[in-house]
Amino acid sequence: MDDLLYIYPDFLLEFQCIGSECMNTCCEGWDVRVDEYTAEYYEHLDGAFGDFLRQHMVRDEITNKITAIKMDEGNRCPFLNEEGLCRIQLTCGSEHLGHVCQNYPRYEHGSSNTALLVVVTSCDAIMDILYNRTQPVRLCTAGEKEAHISTTDDYKVLELSHFIMWGMELLQDENVPFGTALATVLHVALESEEAFEQNDFKTVDSNIFQAPEIQAQFLQAEQELDRDETSRAAWRFILGVIEAFCQIISQKKKDPKCGTVLWKPEMFSQSREERLKNIYAGWREVRKDERKISFLRRYSAVCLLYNSSSVPASQYLFNMCIIMILVATLPLTWEGVEKLSQREYLTRLAFLSRWFEQKTDVAGQLKHVVDNVFSPDFFTYVIALVELFG
(Lines give C-alpha, C1' and ligand atoms only; values in the text may rest on other atoms or scores of the structure.)
Protein backbone atom coordinates (compact mmCIF):
# COMPACT_ATOMS: atom_id res chain seq x y z
CA MET A 1 0.00 0.00 0.00
CA ASP A 2 1.28 3.47 -0.92
CA ASP A 3 1.21 6.88 0.70
CA LEU A 4 -2.53 7.03 1.44
CA LEU A 5 -4.47 6.23 4.58
CA TYR A 6 -6.28 3.01 3.66
CA ILE A 7 -9.40 1.71 5.36
CA TYR A 8 -10.35 -1.79 4.28
CA PRO A 9 -12.19 -4.96 5.41
CA ASP A 10 -9.94 -7.28 7.38
CA PHE A 11 -10.46 -10.25 5.07
CA LEU A 12 -9.35 -8.36 1.96
CA LEU A 13 -5.76 -9.56 2.23
CA GLU A 14 -7.07 -13.16 2.23
CA PHE A 15 -8.61 -12.71 -1.20
CA GLN A 16 -7.19 -14.71 -4.09
CA CYS A 17 -8.84 -15.11 -7.46
CA ILE A 18 -9.75 -18.77 -7.94
CA GLY A 19 -9.34 -18.45 -11.71
CA SER A 20 -10.48 -21.49 -13.66
CA GLU A 21 -12.27 -22.90 -10.59
CA CYS A 22 -14.68 -19.96 -10.61
CA MET A 23 -18.19 -20.95 -11.69
CA ASN A 24 -19.27 -17.32 -12.06
CA THR A 25 -16.53 -15.60 -14.03
CA CYS A 26 -16.16 -11.85 -13.67
CA CYS A 27 -15.02 -11.80 -17.33
CA GLU A 28 -18.60 -11.94 -18.53
CA GLY A 29 -21.42 -9.43 -18.66
CA TRP A 30 -19.48 -6.39 -17.47
CA ASP A 31 -18.70 -3.11 -19.19
CA VAL A 32 -14.90 -3.25 -18.78
CA ARG A 33 -13.32 0.17 -19.14
CA VAL A 34 -9.61 0.51 -19.97
CA ASP A 35 -7.62 3.23 -18.20
CA GLU A 36 -5.35 5.56 -20.19
CA TYR A 37 -2.07 4.04 -18.99
CA THR A 38 -3.15 0.50 -19.95
CA ALA A 39 -4.64 1.71 -23.24
CA GLU A 40 -1.29 3.25 -24.18
CA TYR A 41 0.46 -0.08 -23.50
CA TYR A 42 -2.10 -2.01 -25.58
CA GLU A 43 -1.78 0.49 -28.42
CA HIS A 44 1.93 -0.21 -28.80
CA LEU A 45 2.05 -3.94 -28.00
CA ASP A 46 3.92 -5.73 -30.81
CA GLY A 47 3.28 -9.08 -32.42
CA ALA A 48 0.26 -11.20 -33.27
CA PHE A 49 -1.21 -10.90 -29.78
CA GLY A 50 -0.98 -7.12 -29.93
CA ASP A 51 -2.93 -7.17 -33.20
CA PHE A 52 -5.51 -9.57 -31.71
CA LEU A 53 -5.83 -7.39 -28.61
CA ARG A 54 -6.46 -4.18 -30.56
CA GLN A 55 -9.10 -5.89 -32.72
CA HIS A 56 -11.18 -6.45 -29.59
CA MET A 57 -11.11 -2.95 -28.17
CA VAL A 58 -13.71 -0.18 -28.20
CA ARG A 59 -12.38 3.18 -29.39
CA ASP A 60 -13.56 6.72 -28.82
CA GLU A 61 -15.36 7.98 -31.94
CA ILE A 62 -13.54 11.32 -31.84
CA THR A 63 -10.05 10.61 -30.48
CA ASN A 64 -9.82 6.97 -31.67
CA LYS A 65 -8.25 6.10 -28.33
CA ILE A 66 -8.92 2.73 -26.68
CA THR A 67 -11.59 3.09 -23.99
CA ALA A 68 -12.96 -0.40 -23.25
CA ILE A 69 -12.86 -4.09 -24.07
CA LYS A 70 -15.31 -5.15 -26.80
CA MET A 71 -17.30 -8.10 -25.47
CA ASP A 72 -18.21 -10.96 -27.86
CA GLU A 73 -21.76 -11.90 -28.90
CA GLY A 74 -22.22 -13.86 -25.70
CA ASN A 75 -21.17 -10.79 -23.69
CA ARG A 76 -17.97 -12.57 -22.62
CA CYS A 77 -14.51 -11.09 -22.66
CA PRO A 78 -12.71 -12.21 -25.87
CA PHE A 79 -9.53 -12.72 -23.84
CA LEU A 80 -11.05 -15.41 -21.63
CA ASN A 81 -9.64 -18.76 -22.74
CA GLU A 82 -11.17 -22.25 -22.59
CA GLU A 83 -9.76 -22.85 -19.10
CA GLY A 84 -11.38 -19.69 -17.75
CA LEU A 85 -8.07 -17.79 -17.59
CA CYS A 86 -7.14 -14.38 -19.01
CA ARG A 87 -5.02 -14.36 -22.17
CA ILE A 88 -3.75 -10.84 -21.40
CA GLN A 89 -2.51 -11.90 -17.96
CA LEU A 90 -0.96 -15.10 -19.31
CA THR A 91 0.78 -13.29 -22.20
CA CYS A 92 1.68 -9.89 -20.73
CA GLY A 93 1.54 -10.36 -16.96
CA SER A 94 -0.99 -9.19 -14.39
CA GLU A 95 0.67 -5.76 -14.23
CA HIS A 96 -0.71 -5.04 -17.72
CA LEU A 97 -4.33 -5.74 -16.88
CA GLY A 98 -6.48 -2.63 -16.76
CA HIS A 99 -7.26 -1.12 -13.37
CA VAL A 100 -10.80 -2.54 -13.41
CA CYS A 101 -9.56 -6.09 -13.97
CA GLN A 102 -6.67 -5.76 -11.52
CA ASN A 103 -8.83 -4.45 -8.72
CA TYR A 104 -12.07 -6.44 -8.97
CA PRO A 105 -13.77 -7.34 -6.60
CA ARG A 106 -12.26 -4.32 -4.85
CA TYR A 107 -13.29 -0.73 -5.44
CA GLU A 108 -11.76 2.42 -4.03
CA HIS A 109 -13.85 5.24 -2.62
CA GLY A 110 -11.99 8.18 -1.17
CA SER A 111 -10.26 11.51 -1.37
CA SER A 112 -6.77 12.63 -2.30
CA ASN A 113 -5.33 11.42 1.01
CA THR A 114 -7.65 8.66 2.20
CA ALA A 115 -9.08 5.58 0.55
CA LEU A 116 -11.95 3.37 1.67
CA LEU A 117 -11.59 -0.01 -0.05
CA VAL A 118 -14.86 -1.84 -0.53
CA VAL A 119 -15.60 -5.28 -1.92
CA VAL A 120 -18.58 -6.65 -3.80
CA THR A 121 -20.52 -9.86 -3.16
CA SER A 122 -20.76 -10.82 -6.85
CA CYS A 123 -17.44 -12.67 -6.57
CA ASP A 124 -17.38 -16.41 -5.80
CA ALA A 125 -14.12 -16.16 -3.85
CA ILE A 126 -15.48 -13.37 -1.63
CA MET A 127 -18.62 -15.41 -0.96
CA ASP A 128 -16.47 -18.39 0.01
CA ILE A 129 -14.55 -16.26 2.51
CA LEU A 130 -17.73 -14.86 4.05
CA TYR A 131 -19.43 -18.24 4.34
CA ASN A 132 -16.48 -20.08 5.84
CA ARG A 133 -15.40 -17.30 8.17
CA THR A 134 -16.19 -17.69 11.88
CA GLN A 135 -15.28 -14.18 13.06
CA PRO A 136 -17.16 -10.94 12.35
CA VAL A 137 -15.96 -8.77 9.47
CA ARG A 138 -14.14 -5.65 10.66
CA LEU A 139 -12.52 -2.62 9.06
CA CYS A 140 -8.77 -2.08 9.40
CA THR A 141 -6.50 0.85 8.63
CA ALA A 142 -3.04 1.15 7.15
CA GLY A 143 -1.12 4.40 7.38
CA GLU A 144 -0.94 7.13 9.98
CA LYS A 145 -4.19 9.05 10.37
CA GLU A 146 -2.50 12.24 11.55
CA ALA A 147 -0.28 12.32 8.47
CA HIS A 148 -3.13 12.08 5.98
CA ILE A 149 -6.31 13.72 7.33
CA SER A 150 -6.19 17.37 6.30
CA THR A 151 -9.11 18.25 3.98
CA THR A 152 -12.89 18.22 4.34
CA ASP A 153 -13.06 15.31 1.89
CA ASP A 154 -10.60 13.38 4.06
CA TYR A 155 -12.77 13.90 7.12
CA LYS A 156 -15.85 12.91 5.11
CA VAL A 157 -14.30 9.57 4.17
CA LEU A 158 -13.22 9.06 7.78
CA GLU A 159 -16.73 9.84 9.06
CA LEU A 160 -18.28 7.51 6.50
CA SER A 161 -15.87 4.80 7.63
CA HIS A 162 -16.85 5.45 11.24
CA PHE A 163 -20.52 4.97 10.35
CA ILE A 164 -19.74 1.77 8.44
CA MET A 165 -17.60 0.38 11.28
CA TRP A 166 -20.42 1.00 13.74
CA GLY A 167 -23.02 -0.51 11.41
CA MET A 168 -20.95 -3.61 10.63
CA GLU A 169 -20.41 -4.27 14.33
CA LEU A 170 -24.13 -3.95 15.10
CA LEU A 171 -25.21 -6.16 12.21
CA GLN A 172 -22.90 -8.94 13.39
CA ASP A 173 -23.72 -8.65 17.10
CA GLU A 174 -25.33 -11.98 17.99
CA ASN A 175 -26.90 -10.36 21.07
CA VAL A 176 -29.02 -8.03 18.92
CA PRO A 177 -31.88 -9.46 16.83
CA PHE A 178 -30.67 -9.35 13.24
CA GLY A 179 -33.78 -7.68 11.83
CA THR A 180 -33.70 -5.00 14.53
CA ALA A 181 -30.01 -4.38 13.79
CA LEU A 182 -30.77 -3.93 10.08
CA ALA A 183 -33.62 -1.54 10.85
CA THR A 184 -31.46 0.51 13.22
CA VAL A 185 -28.59 0.85 10.74
CA LEU A 186 -30.95 1.86 7.96
CA HIS A 187 -32.69 4.41 10.19
CA VAL A 188 -29.39 6.06 11.17
CA ALA A 189 -28.33 6.10 7.49
CA LEU A 190 -31.49 7.92 6.45
CA GLU A 191 -31.33 10.35 9.37
CA SER A 192 -27.70 11.13 8.53
CA GLU A 193 -28.06 11.55 4.75
CA GLU A 194 -28.47 15.34 4.77
CA ALA A 195 -25.79 15.77 7.44
CA PHE A 196 -23.28 13.82 5.33
CA GLU A 197 -24.06 16.00 2.31
CA GLN A 198 -23.51 19.14 4.38
CA ASN A 199 -20.37 17.80 6.08
CA ASP A 200 -22.16 18.06 9.44
CA PHE A 201 -20.20 15.27 11.09
CA LYS A 202 -21.34 16.15 14.63
CA THR A 203 -24.92 15.32 13.68
CA VAL A 204 -23.84 12.02 12.17
CA ASP A 205 -21.98 11.14 15.37
CA SER A 206 -25.00 12.16 17.40
CA ASN A 207 -27.27 9.89 15.33
CA ILE A 208 -24.92 6.98 15.91
CA PHE A 209 -24.76 7.78 19.63
CA GLN A 210 -28.57 7.69 19.82
CA ALA A 211 -28.80 4.35 17.97
CA PRO A 212 -29.33 2.23 21.14
CA GLU A 213 -32.43 4.31 21.90
CA ILE A 214 -33.73 3.77 18.35
CA GLN A 215 -33.00 0.07 18.66
CA ALA A 216 -35.01 -0.08 21.91
CA GLN A 217 -37.91 1.72 20.22
CA PHE A 218 -38.00 -0.85 17.43
CA LEU A 219 -38.06 -3.68 19.97
CA GLN A 220 -40.83 -1.96 21.93
CA ALA A 221 -42.90 -1.31 18.81
CA GLU A 222 -42.59 -4.95 17.80
CA GLN A 223 -44.14 -6.00 21.12
CA GLU A 224 -47.01 -3.52 20.80
CA LEU A 225 -48.03 -4.23 17.21
CA ASP A 226 -50.60 -6.86 16.25
CA ARG A 227 -48.26 -9.77 15.53
CA ASP A 228 -50.56 -11.61 13.13
CA GLU A 229 -51.42 -8.51 11.14
CA THR A 230 -47.83 -7.32 10.77
CA SER A 231 -46.67 -10.83 9.86
CA ARG A 232 -49.25 -11.08 7.08
CA ALA A 233 -48.30 -7.62 5.78
CA ALA A 234 -44.60 -8.48 5.88
CA TRP A 235 -45.02 -11.73 3.96
CA ARG A 236 -47.22 -10.07 1.33
CA PHE A 237 -44.41 -7.59 0.75
CA ILE A 238 -41.67 -10.27 0.79
CA LEU A 239 -43.58 -12.42 -1.71
CA GLY A 240 -44.24 -9.36 -3.88
CA VAL A 241 -40.52 -8.61 -4.06
CA ILE A 242 -39.72 -12.20 -5.06
CA GLU A 243 -42.49 -12.27 -7.67
CA ALA A 244 -41.45 -8.94 -9.20
CA PHE A 245 -37.79 -9.97 -9.37
CA CYS A 246 -38.56 -13.33 -11.02
CA GLN A 247 -40.92 -11.74 -13.55
CA ILE A 248 -38.25 -9.20 -14.53
CA ILE A 249 -35.42 -11.75 -14.71
CA SER A 250 -37.53 -14.20 -16.72
CA GLN A 251 -37.56 -11.62 -19.53
CA LYS A 252 -33.76 -11.50 -19.70
CA LYS A 253 -33.57 -14.37 -22.17
CA LYS A 254 -30.26 -13.23 -23.63
CA ASP A 255 -28.48 -14.15 -20.40
CA PRO A 256 -28.35 -17.97 -20.18
CA LYS A 257 -27.46 -17.84 -16.49
CA CYS A 258 -30.59 -15.98 -15.43
CA GLY A 259 -32.39 -19.29 -14.94
CA THR A 260 -30.04 -20.17 -12.11
CA VAL A 261 -31.58 -17.52 -9.87
CA LEU A 262 -35.18 -17.90 -11.02
CA TRP A 263 -37.69 -19.87 -9.02
CA LYS A 264 -38.52 -23.34 -10.32
CA PRO A 265 -40.82 -23.34 -13.37
CA GLU A 266 -43.93 -24.67 -11.63
CA MET A 267 -44.01 -21.65 -9.35
CA PHE A 268 -45.11 -19.48 -12.28
CA SER A 269 -48.40 -21.38 -12.37
CA GLN A 270 -48.92 -21.58 -8.60
CA SER A 271 -51.34 -19.32 -6.77
CA ARG A 272 -49.90 -16.66 -4.48
CA GLU A 273 -51.15 -18.64 -1.50
CA GLU A 274 -49.26 -21.74 -2.65
CA ARG A 275 -46.08 -19.78 -3.27
CA LEU A 276 -46.27 -18.10 0.10
CA LYS A 277 -46.94 -21.37 1.91
CA ASN A 278 -43.89 -23.04 0.35
CA ILE A 279 -41.54 -20.10 0.94
CA TYR A 280 -42.72 -19.58 4.51
CA ALA A 281 -42.27 -23.26 5.38
CA GLY A 282 -38.76 -23.26 3.92
CA TRP A 283 -37.79 -20.09 5.76
CA ARG A 284 -38.83 -21.53 9.12
CA GLU A 285 -36.23 -24.25 8.58
CA VAL A 286 -33.53 -21.77 7.50
CA ARG A 287 -34.08 -19.74 10.67
CA LYS A 288 -32.91 -22.77 12.64
CA ASP A 289 -29.61 -22.92 10.70
CA GLU A 290 -27.26 -20.84 12.86
CA ARG A 291 -24.40 -21.05 10.39
CA LYS A 292 -26.50 -19.67 7.54
CA ILE A 293 -27.89 -16.84 9.65
CA SER A 294 -24.37 -15.99 10.81
CA PHE A 295 -23.29 -15.92 7.16
CA LEU A 296 -26.20 -13.60 6.31
CA ARG A 297 -25.04 -11.23 9.06
CA ARG A 298 -21.55 -11.08 7.53
CA TYR A 299 -23.06 -10.73 4.06
CA SER A 300 -25.15 -7.77 5.24
CA ALA A 301 -22.04 -6.14 6.72
CA VAL A 302 -20.27 -6.28 3.35
CA CYS A 303 -23.42 -5.02 1.61
CA LEU A 304 -23.40 -2.10 4.03
CA LEU A 305 -19.77 -1.38 3.16
CA TYR A 306 -20.47 -1.45 -0.59
CA ASN A 307 -23.85 0.28 -0.76
CA SER A 308 -23.27 3.08 1.74
CA SER A 309 -20.07 4.15 -0.01
CA SER A 310 -21.54 4.26 -3.52
CA VAL A 311 -25.18 5.47 -3.45
CA PRO A 312 -27.34 8.00 -1.58
CA ALA A 313 -28.97 6.69 1.59
CA SER A 314 -32.48 6.51 0.08
CA GLN A 315 -31.35 4.30 -2.80
CA TYR A 316 -29.10 2.39 -0.44
CA LEU A 317 -32.12 1.70 1.78
CA PHE A 318 -33.92 0.05 -1.12
CA ASN A 319 -30.88 -1.91 -2.33
CA MET A 320 -29.94 -3.19 1.11
CA CYS A 321 -33.47 -4.30 2.04
CA ILE A 322 -34.27 -5.92 -1.29
CA ILE A 323 -30.95 -7.74 -1.50
CA MET A 324 -31.35 -9.12 2.02
CA ILE A 325 -34.93 -10.25 1.30
CA LEU A 326 -33.89 -12.00 -1.91
CA VAL A 327 -30.68 -13.58 -0.58
CA ALA A 328 -32.61 -14.97 2.39
CA THR A 329 -35.72 -16.26 0.62
CA LEU A 330 -35.19 -16.67 -3.12
CA PRO A 331 -33.00 -19.81 -2.76
CA LEU A 332 -36.01 -21.51 -1.16
CA THR A 333 -37.72 -21.39 -4.56
CA TRP A 334 -34.86 -22.85 -6.62
CA GLU A 335 -35.13 -26.22 -8.29
CA GLY A 336 -33.28 -28.87 -6.25
CA VAL A 337 -31.85 -26.33 -3.80
CA GLU A 338 -31.48 -29.04 -1.15
CA LYS A 339 -29.07 -30.89 -3.47
CA LEU A 340 -26.84 -27.91 -4.25
CA SER A 341 -23.26 -28.09 -3.06
CA GLN A 342 -21.95 -25.20 -0.95
CA ARG A 343 -20.01 -23.89 -3.96
CA GLU A 344 -23.08 -24.02 -6.23
CA TYR A 345 -25.22 -22.27 -3.60
CA LEU A 346 -22.68 -19.47 -3.11
CA THR A 347 -22.16 -19.09 -6.86
CA ARG A 348 -25.87 -18.52 -7.34
CA LEU A 349 -25.92 -15.95 -4.55
CA ALA A 350 -22.95 -14.18 -6.15
CA PHE A 351 -24.79 -14.13 -9.48
CA LEU A 352 -27.88 -12.78 -7.71
CA SER A 353 -25.75 -9.92 -6.35
CA ARG A 354 -24.70 -9.03 -9.89
CA TRP A 355 -28.22 -7.96 -10.76
CA PHE A 356 -27.75 -5.07 -8.33
CA GLU A 357 -24.08 -4.30 -8.97
CA GLN A 358 -23.92 -4.85 -12.73
CA LYS A 359 -27.46 -4.93 -14.16
CA THR A 360 -28.59 -1.65 -12.69
CA ASP A 361 -31.56 -1.55 -15.08
CA VAL A 362 -32.97 -4.56 -13.20
CA ALA A 363 -32.64 -2.79 -9.85
CA GLY A 364 -34.38 0.23 -11.38
CA GLN A 365 -37.22 -1.85 -12.82
CA LEU A 366 -37.63 -3.71 -9.55
CA LYS A 367 -37.82 -0.49 -7.55
CA HIS A 368 -40.41 0.88 -9.99
CA VAL A 369 -42.61 -2.21 -9.66
CA VAL A 370 -42.30 -2.39 -5.87
CA ASP A 371 -43.07 1.33 -5.53
CA ASN A 372 -46.13 1.09 -7.76
CA VAL A 373 -47.56 -2.01 -6.12
CA PHE A 374 -46.79 -1.35 -2.45
CA SER A 375 -45.84 2.34 -2.13
CA PRO A 376 -43.50 1.20 0.65
CA ASP A 377 -42.25 3.53 3.32
CA PHE A 378 -39.40 2.94 5.74
CA PHE A 379 -41.57 0.89 8.08
CA THR A 380 -42.69 -1.42 5.27
CA TYR A 381 -39.08 -2.49 4.95
CA VAL A 382 -38.58 -2.63 8.71
CA ILE A 383 -41.57 -4.93 9.23
CA ALA A 384 -40.31 -7.26 6.48
CA LEU A 385 -36.75 -7.39 7.88
CA VAL A 386 -37.92 -7.96 11.45
CA GLU A 387 -40.33 -10.69 10.29
CA LEU A 388 -37.51 -12.48 8.47
CA PHE A 389 -34.66 -12.03 10.89
CA GLY A 390 -36.19 -11.18 14.24
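In this predicted model, E159 lies in helix 7, which spans residues 152–171. The relative accessible area of E159 is 9%, so this glutamate counts as buried. Setting aside residues up to four places away in sequence, E159 touches F196, F201, V204 and D205.

With a relative accessible area of 32%, N199 is partly exposed. A second case is S375, which is not a glycine and yet has a positive phi of about 45°. S375 is placed in the loop between helix 16 (360–374) and helix 17, and its relative accessible area of 58% makes it exposed. The backbone has a further feature at the peptide bond from Y104 to P105, which is cis, with omega near 10°. P105 sits in the loop between helix 4 (99–103) and strand 4 (106–110). For context, most residues other than glycine have a negative phi, and most peptide bonds are trans.

Attention now turns to the aromatic side chains. The structure holds 19 aromatic pairs. One of them joins F218 and F378 in a tilted arrangement, with 6.2 Å from centre to centre and 45° between the planes. F218 lies in helix 10 (residues 211–224) and F378 in helix 17 (residues 378–389), so this pair ties together parts that are 160 residues apart in sequence. Both F218 and F378 are buried.

Helix 17 takes part in another such link, this time through F389. The rings of W283 and F389 form an edge-to-face pair, 5.7 Å centre to centre and with 85° between the planes. W283 is in helix 12 (residues 272–286), and the pair joins distant parts of the chain, 106 residues apart. W283 has a relative accessibility of 2% and therefore counts as buried. F389, at 7%, likewise counts as buried.

Elsewhere, Y131, F295, Y299 and Y345 form one aromatic cluster. Y345 has a charged neighbour as well: K292 lies over the face of this tyrosine, at 4.5 Å from the ring centre. Another charge and ring come together where the charged end of R348 sits over the ring of W334, 5.2 Å from its centre.

Two further residues illustrate contrasting surroundings. I249 is found in helix 11 (residues 227–249) and, at 0% relative accessibility, counts as buried. Leaving aside neighbours within four places in sequence, I249 is in contact with C258, V261, L262, W355 and V362. Between I249 and G259, which are 10 residues apart in sequence, the C-alpha to C-alpha distance is 8.1 Å.

L85, by comparison, is in the loop between strand 3 (66–69) and helix 3 (87–92). Its relative accessibility is 31%, so L85 counts as partly exposed. Beyond residues up to four places away in sequence, L85 touches G19, S20, F79, L80 and L90. The C-alpha atoms of L85 and A68 are separated by 19 Å, and these two residues are 17 residues apart along the chain.

Methods: Residues numbered from 1 in each chain as written. Predicted model: local features only at pLDDT ≥ 70, side-chain atom pairs only at ≥ 80, totals over all residues. Heavy atoms only, no water. Phe/Tyr/Trp six-rings, centres within 6.5 Å; stacked < 30°, edge-to-face > 60°. Helix = DSSP H or I, 4+ residues; strand = E, 2+ residues; numbered from the N terminus. Buried < 20%, exposed > 50% of the residue type's maximum accessible area, 1.4 Å probe, protein only. Lys NZ or Arg CZ within 6 Å of the ring centre and 35° of its normal. Contact = heavy atoms within 4.5 Å.
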